[in-house]
Amino acid sequence: PLAKLAGFAIQHATDTAAVLAAQDGLVAFTSKVLKTWQTNRLSDIDPALEGNVLTQETLTSTWSVLWNLMRKLMFGTVAILQAIVSRSLLDPLMLNDVAAPVIATKSLHILRNIFFISSRNGNNAFQVYIFTYLTSIDSISRSASACYMFLQETRPEENASTETTYLQRTLDLFYLNLSEHLPLTLSTDACDALIIKPAIAYISHEGPTTQSMVQLFESAHSAILSTISCPQHSPLTIELTPFYIAKLFDSFPRHISSRQFRVAFKTVMQIVSPPFPIADMEPHLSETLLEMLRSF
């Protein structure tokens, strides 16, 4: 009820500054939630391994109570944020080219801060969350500098795939899911540094195969495919494609599903075949990939 009241107040407030202050309050609140959770050893428990780590009493009582509380926190936060994002599409003081990227960036930081909750058990599969997330992406993607700064600030560590905690891998999943939407906005060099390299770090990783790791692998593949599908990144595509196909073969079937493998290979074949310009630049590339598939 309090979140609904706050959302109503945001939609009808006459002072835009108060709305922006409310968003800043959400940034500070969710940042504190994330930092507090990071200091708790429970944050490093992969859901697939909960039964091996937690006692039966904890699993059947306090653990479910904790996550019910977390879900309520997330739903309240998203309900308020949705009102802010909705207003940002109509309020001239929020919709201009200066304010809109800043507001979208803060919204994505808020969603990132609570992603350890929203990514669990499909908690983010509701309309209000999806609207808030995709609208924020649409807004930030209109500014190449804002996209670059956000990805630069939240970029995974170089050794993220092998030495990070489960919580950090969850944040990396948010990063990879988001970066998939931004290659059209970014320069080729930025895509290489901020999308391709972090994604390759995960698809090159050899480790235990849990559901969370499968999500990371598939998200990394999707981010790479999204980048190499952009015509303006053709030089990067030509350089990357043989290496990527080799990694794709290495990943299947342990780390990615049959569906993901078919989608990935089909997408690459379309990119390197006529009428795409790469087919003229590297006419034998498609035949080479088919030969690799036949040998595989």
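Which handedness does the crossing of α12 and α13 have? The crossing of α12 and α13 is left-handed, a term that applies if the near helix is turned anticlockwise from the far one by less than a right angle, with right-handed used if clockwise.

Before going further, note that this is a predicted model, in which local features need pLDDT of at least 70 and side-chain atom pairs count only at pLDDT 80 or more, whereas totals for chains, interfaces and linings use all residues. Residues are numbered from 1 along each chain as its sequence is written, and side-chain values use heavy atoms, with hydrogens and water left out. Helices here are DSSP runs (H or I, at least four residues), as are strands (E, at least two), and both are numbered from the N terminus.

**Stop one: α12 and α13**

Stay with this pair and select residues 188–203, which form helix α13; α12 packs against α13 at an angle of about 135 degrees, with their axes 11 Å apart. Axes are lines fitted to C-alpha atoms, for helices over the stretch in contact, and angles run from 0 to 180 degrees between N-to-C directions. That angle makes α12 oblique to α13, given that angles under 35 degrees count as roughly parallel, over 145 as roughly antiparallel, 65 to 115 as roughly perpendicular and the rest as oblique.

Now show the side chains of R169, D172, Y175, L176 and S179 in α12, which meet L194, I195, P198, A199 and Y202 in α13, where contact means heavy atoms within 4.5 Å. By class, this contact of α12 with α13 has 7 nonpolar, 1 polar and 2 charged residues; Ala, Val, Leu, Ile, Met, Phe, Trp, Tyr, Cys and Pro count as nonpolar, Asp, Glu, Lys and Arg as charged, and the others, Gly among them, as polar.

**Stop two: α10 against α12**

Next select helix α10 (residues 144–154) together with helix α12 (residues 166–179), which pack at an angle of about 160 degrees with their axes 11 Å apart. The two helices, α10 and α12, are therefore roughly antiparallel to each other, and α10 passes α12 in a left-handed crossing. On the α10 side, F150, L151 and T154 meet F174, Y175, L178 and S179 of α12. The residues of this contact of α10 with α12 divide into 5 nonpolar, 2 polar and no charged.

**Stop three: α9**

Select residues 127–140, helix α9, whose 14 residues reach 20 Å from the first C-alpha to the last, close to the 20 Å expected at 1.5 Å a residue; the expected span is 1.5 Å times one less than the number of residues. In α9, the residues Y129, T132, Y133, T135, S136, I137, S139 and I140 are buried, which means under 20% relative accessible area, with exposed being over 50% and partly exposed in between (1.4 Å probe, protein chains only). The buried residues of α9 pack against α5 (62–88), α7 (99–113), α8 (115–118), α10 and α12.

To look at one of these partners, bring α12 back into view: the axes of α9 and α12 come within 11 Å and cross at roughly 60 degrees, which makes α9 oblique to α12. Here Y129, Y133 and I137 in α9 meet F174, N177 and L178 in α12.

Then move to N121, placed in the loop between α8 and α9. N121 has a positive phi of about 55 degrees although it is not a glycine, and at 66% relative accessibility N121 counts as exposed.

**Stop four: R87**

Not counting residues up to four places away in sequence, R87 touches I10, Q11, H12, A13, T14, D15, T16, V19 and M94.

**Stop five: α16 and its surroundings**

Finally, select helix α16 (residues 258–271), in which Q260, F261, A264, F265, T267, V268, M269 and I271 are buried. These buried residues pack against α14 (211–228), α15 (234–251), α17 (278–281) and α18 (285–295).

In α14, pick L225, which is buried at a relative accessible area of 7% and touches Y244, A264, T267 and V268, not counting residues up to four places away in sequence. In α15, pick T237, which is buried at 1% and touches I228, I271 and I278, under that same exclusion of residues up to four places away in sequence. T237 and T188 are 49 residues apart in sequence and 9.8 Å apart in space, C-alpha to C-alpha.
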